[in-house]
Amino acid sequence: MDTKMTKQEHKQRSDKSYKLLLLFAMLSMTMMFAGLTSAFVVSKSRTDWLKDFQMPSSFLISTIVIIACSVTFYLAQKAIKKNNRNLTTQMLLATLVLSIFFIFFQFRGFDQLIQMGYFFTGSQSNITTTFLYVVALLHLVHLFGGIISLLIIIYNHFKQKYNSSQTLGIELGAMYWHFLDLLWVYLFLFLFFFK
């Protein structure tokens, strides 16, 4: 019996390890946001809590945009598995452009909050809007990590490191991106309905 691990077995184990590491990272991020939403629930009983707060319309638009990001990343993943390099390129670049639009609408949402008289800090700030800012900004920080990984994936794709038998980078990027998308949708729905 040959005890040496074949290249394929080694690759499968390595791929599985990378995916497990990413899952643990996503789990820790989930716990952080679960803690924030729990604090949000507890803080609702405060006397200075805003009861008639309206979510900026730009946050709804950004939610639609980030869902579109997941679709384009999924299509890129499917395309590379079929060795369709052209479609993979188009879908990865579309994901990048959409992620920039997401960031634009997030900051536009912050501007709308300020125009409505809701501030993050200072004497005019409110605990309700401070929670919203903190949650949205933390999500943006994680999104910047996703954009950096997307840029690395695009670079590696142009260097022809991916094909139908080597898709790990795109798979990991897609896993993280879908996680970010689901996380934002959860946060948006939570903040929209649980006022």
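Analyst: Quick term first: a residue is buried under 20% relative accessible area, exposed over 50%, and partly exposed in between (1.4 Å probe, protein chains only). This is a predicted model, where local features need pLDDT of at least 70 and side-chain atom pairs count only at pLDDT 80 or more, while totals for chains, interfaces and linings use all residues. Residues are numbered from 1 along each chain as its sequence is written, and side-chain values use heavy atoms, with hydrogens and water left out.

User: What share of the chain's residues count as buried?

Analyst: The chain has 195 residues. Going by that cut-off, the buried share is 42%.

User: What pattern does the chain follow along the sequence?

Analyst: Helices (H or I, at least four residues) and strands (E, at least two) are DSSP runs, numbered from the N terminus. The chain has five helices and zero strands. Reading along, you get α-α-α-α-α.

User: How many aromatic pairs turn up in the whole structure?

Analyst: Rings of Phe, Tyr and Trp (its six-membered ring) pair if their centres lie within 6.5 Å; planes under 30 degrees apart are stacked, over 60 edge-to-face, the rest tilted. By that rule, the search finds ten.

User: How far apart in sequence are the parts that F59 and W184 tie together?

Analyst: F59 and W184 pair edge-to-face, with 5.9 Å centre to centre and 70 degrees between the planes. F59 sits in helix α2 (residues 57-81) and W184 in helix α5 (residues 168-193), so the pair links parts separated in sequence by 125 residues.

User: Are F59 and W184 buried or exposed?

Analyst: Take F59 first: it is buried. W184 is likewise buried.
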